[in-house]
Amino acid sequence: MAMDVVPVALGARTYEVRIGQGLLARAGAEIAPLLRRKRVAVVTDAHVAALHWPALQAALAAEGITSEALVLPAGEATKGWAQFSRTVEWLLDQKVERRDVVVALGGGVIGDLVGFAAAVLRRGVRFVQIPTSLLAQVDSSVGGKTGINTAQGKNLVGAFHQPSLVLADIGVLDSLPPRDFLSGYGEVVKYGLLGDSAFFDWLERNGPALTAGDKAARQYAVARSVQMKAGIVERDETEEGERALLNLGHTFCHALESATEYDGARLLHGEGVAIGCALAFELSQRLGLCAQEAPSRVRTHLRDMGMKVDLHDIPGDLPGAETLLDLMAQDKKVVDGALRFILARGIGDAFVTADVPRDAVLTLLRDALETRA
């Protein structure tokens, strides 16, 4: 099966997202043209290192590229000040220069943290993303958003720093536990919901093949998702307008992640996105923006895929509607004190608005919590 190559056209900072089988084993040859000297610093986490670091190290060595790796703890808690500082200090100890390349090997946590470290190290060094989760391949590795979480909220400290190359090896997705794969699917289905109804139609037909491991279906889903994100990033790199569409479901998601203290045992990011998309479509229907069949169709597909859809799918206690809304108000999409929502006129037709009555959101959350009770 041929490799898909999706360019992200940003002038002098244009780069390619390469999607296909066996890219990890060819990573040395893929990265070598970027190098001024044949050495790279790799940052990964303990779980990914056990699965994929030996293969990457061998691929680099095959091209005469020396490499050292920093292995961080796995999990969302790594994406904070402590491990960020540790990463920057380690890269300085490795004497990484501005013309060198740092490699992020892992999921969204590693990609976001390492990208931010590369952004600030010596005022900006180049980095390569090798995303090992479905979520990272279709979302966080593309577009240059980097950052860490703080006590005040998710991704509130960071920078826009584009990678020099993204290598999305479809084969590494075989190593994902089913729940982690479905979490990534929450971001895949988002693309159909926000701007491509035909892609959502395709996912309704082919979603089961994706979870069953069909390589061709997986490659198409990743490539189509990346194509959509690349197009939006090219038109609105720093989220002044259209790029906010990529946050469909995320306003609700980030509040739920905060409410569950980023505990992956309770809620993974893509699960929160799926629940958030269902809530966004429900809110759109209640506001008279879309037909009633739209939120029903969204929920049906997510349920058919075995995903979390409602608040009652989240184990453990949740705070009340007022608290959840306060957590939503900490979201990055607040502009001039007004929380912007991504709503929809139908499947494939999302838009950004700040014109959402507070009472409508509170009522939606109260109803969802009541159903949970």
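I looked up isoleucine 110 and found it in helix α4 (residues 108-120), helices being DSSP runs of H or I with at least four residues, numbered from the N terminus. This is a predicted model, in which local features need pLDDT of at least 70, side-chain atom pairs count only at pLDDT 80 or more, and totals for chains, interfaces and linings use all residues. Residues are numbered from 1 along each chain as its sequence is written, and side-chain values use heavy atoms, with hydrogens and water left out.

I noted that isoleucine 110 counts as buried because its relative accessibility is 2%, where buried means under 20% relative accessible area, exposed over 50% and partly exposed in between (1.4 Å probe, protein chains only). Setting aside neighbours within four places in sequence, I listed its contacts (heavy atoms within 4.5 Å), among them Val43, Leu72 and Leu105.

I then checked the UniProt record, an unreviewed entry, whose "binding site" positions include Ile110 and Lys145; such annotations may be inferred rather than shown by experiment, feature names are shortened, and positions are given in the numbering used here. Lysine 145 is partly exposed at 27% relative accessibility, and its contacts beyond four places in sequence include Asp112 and Glu239.

I turned next to salt bridges (a side-chain nitrogen of Lys or Arg within 4 Å of a carboxyl oxygen of Asp or Glu), of which the structure holds 28. Lysine 229 pairs with aspartate 139, the closest N and O atoms being 3.2 Å apart. Lysine 229 lies in helix α8 and aspartate 139 in helix α5, so this pair ties together parts that are 90 residues apart in sequence.

Note on methods. Helix = DSSP H or I, 4+ residues; strand = E, 2+ residues; numbered from the N terminus.
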